[in-house]
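This report covers the overall fold first.

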Amino acid sequence: RAWNFNPGPAALPLEVLERARETLVDYDGKGMSLLEMSHRSEEVERLVGQTEETLLRLIGLNSADYRVLLMAGGASAQFALVPLHFLGPGKVGRYVLSGSFSEKAYREAQTVGEAAVAATGKASGWSRLPDVSGIDLEPDTAYLHMTTNNTIEGSQFRQLPDTGGVPLIGDMTSDLLGRSLDWSRFSLFYAAAQKNLGPAGVTALVIRNDLLQSGNERIPAIFRYKTFAEHGSLYNTPPVHAIYVMKLMLDWTEAQGGVAEMERRGEEKAAILYRAIDDSDGFYRGIVEPPFRSTMNVTWRLADEALERKFADEAERGGLAGLAGHRSVGGLRASIYNAVPVEACRELAAWMNDFRRKFG
Ligand code: PLP
């Protein structure tokens with residue numbers, strides 16, 4: 001298998017894929033695949049319930065305070081659903097801008113109601129994160145939205161804002177389960193599964209019960225968080241197999257030692273790659289300033305674009321896949337989510353050093 005540095009859909013552990021293959025034709029001795037099974041069956045109900053419980057257990061939140069919902073439409077659907085639930089006359093959704101996905105979330109909110117920028121790192125070309133420590137929120141603030149890890153730019157917040165009681169909402173698509181965070185500071189957070197949680201097609205949303213109760217009721221039932229909460233995420237036909245692979249991925253995470261171990265490995269992996277960048281005598285240039293660098297998406301540049309393309313193409317041929325930067329920003333990016341082993345990063349660093357010796 002290739003070392004897979006794809007940004008998402010991202011690498012899955014071989015054990016998870018093999019287990020999914022084993023059960024594909026005959027699920028749990030039922031004589032049929034999960035793909036063929038009713039979502040109203042006991043098996044599927046149990047699977048969905050256990051998946052939600054396992055996620056909550058991994059992040060150590062209490063089921064008396066928080067609900068997990070499994071939804072479709074990716075994280076992009078949440079960009080719209082959050083303002084649909086919590087904006088209304090006299091209420092403003094405030095956004096921390098830290099990269100392209102946070103801007104997308106902000107723009108989507110503007111189509112629904114009133115949205116404003118609370119802090120932005122745009123002037124730095126996203127090479128720095130805005131300071132959110134002293135954020136001052138006007139009394140009409142419905143919520144503050146932030147993106148905890150910026151997948152495209154390669155930056156990650158280490159600090160959370162004190163919102164003074166205003167609900168904090170997080171897009172954690174690219175770092176949920178990759179590091180510990182004081183999740184209880186958030187009233188709502190979501191992550192499309194295709195990074196650390198499993199395959200594309202399902203999005204995990206964690207919401208505090210009080211916020212769940214306060215959402216706007218005048219939106220279609222299929223988009224309402226309450227609908228999913230009342231039906232145990234089984235209001236309509238869910239992506240059952242994606243949820244199953246997510247459950248396998250959560251079990252794998254737990255067996256590896258949980259979030260603390262993922263964080264330890266993440267720091268080790270990121271340090272290996274940032275060292276290869278920083279010790280390259282300027283041949284490689286990190287895009288994000290050191291205090292803001294991500295442990296999930298490592299981004300860097302070479303002196304010219306042709307060399308960057310050569311790097312990504314040759315690396316791919318050498319078994320190191322998915323290293324081209326996002327098409328909107330160029331450069332290079334190694335996404336080192338939970339399923340990417342330390343060994344893959346050592347191989348990549350060695351390859352970077354070889355490439356530098358050849359072309360530096
Ligand atoms: N938010 C972040 C931080 C992401 O990394 C992504 C996808 O990479 C998205 C949102 C969009 O997710 P989706 O494609 O599932 O809508």
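The model is predicted.

## Overall fold

The protein chain has 10 helices and 14 strands. Its C-alpha trace spans about 60 × 60 × 30 Å along the principal axes. The radius of gyration is 21 Å, which agrees with the value near 21 Å for a compact globule, because the chain has 360 residues.

Of those 360 residues, 48% count as buried. Contacts with a separation of 6 or more were also examined, and 69% of them join residues 24 or more positions apart.

## Two residues of the shell

Ser76 sits in helix α3. Ser76 is partly exposed, because 16 other C-beta atoms lie within 10 Å.

Phe101 lies in helix α4, residues 100-112. Phe101 has 20 other C-beta atoms within 10 Å, so it is buried. Leaving out residues up to four places away in sequence, Phe101 touches Thr147, Asn150, Thr151, Ile152 and Asp171.

## Recorded binding sites

An unreviewed UniProt entry lists Ala75, Ser76, Phe101, Thr151, Asp171, Gln194, Asn236 and Thr237 under "binding site". These positions are spread over 163 residues of sequence, and they are also spread in space, up to 30.4 Å between C-alpha atoms.

Arg40 is in the loop between α1 (14-24) and α2 (42-59). Arg40 counts as exposed, because it has 9 C-beta neighbours inside 10 Å.

Val329 belongs to the loop between β13 (320-321) and β14 (332-335). Val329 counts as partly exposed, because it has 17 C-beta neighbours inside 10 Å.

Val329 and Ile152 are 177 residues apart along the chain, and their C-alpha atoms are separated by 7.8 Å. Ile152 is also one of the residues that Phe101 touches.

Note on methods
Residues numbered from 1 in each chain as written. Predicted model: local features only at pLDDT ≥ 70, side-chain atom pairs only at ≥ 80, totals over all residues. Helix = DSSP H or I, 4+ residues; strand = E, 2+ residues; numbered from the N terminus. Rg over C-alpha atoms; globule rule 2.2 N^0.38 Å. Buried ≥ 20, exposed ≤ 12 C-beta atoms within 10 Å, placed from the backbone. Contact = placed C-beta atoms within 7 Å. UniProt positions renumbered as here; feature names shortened; annotations may be inferred.
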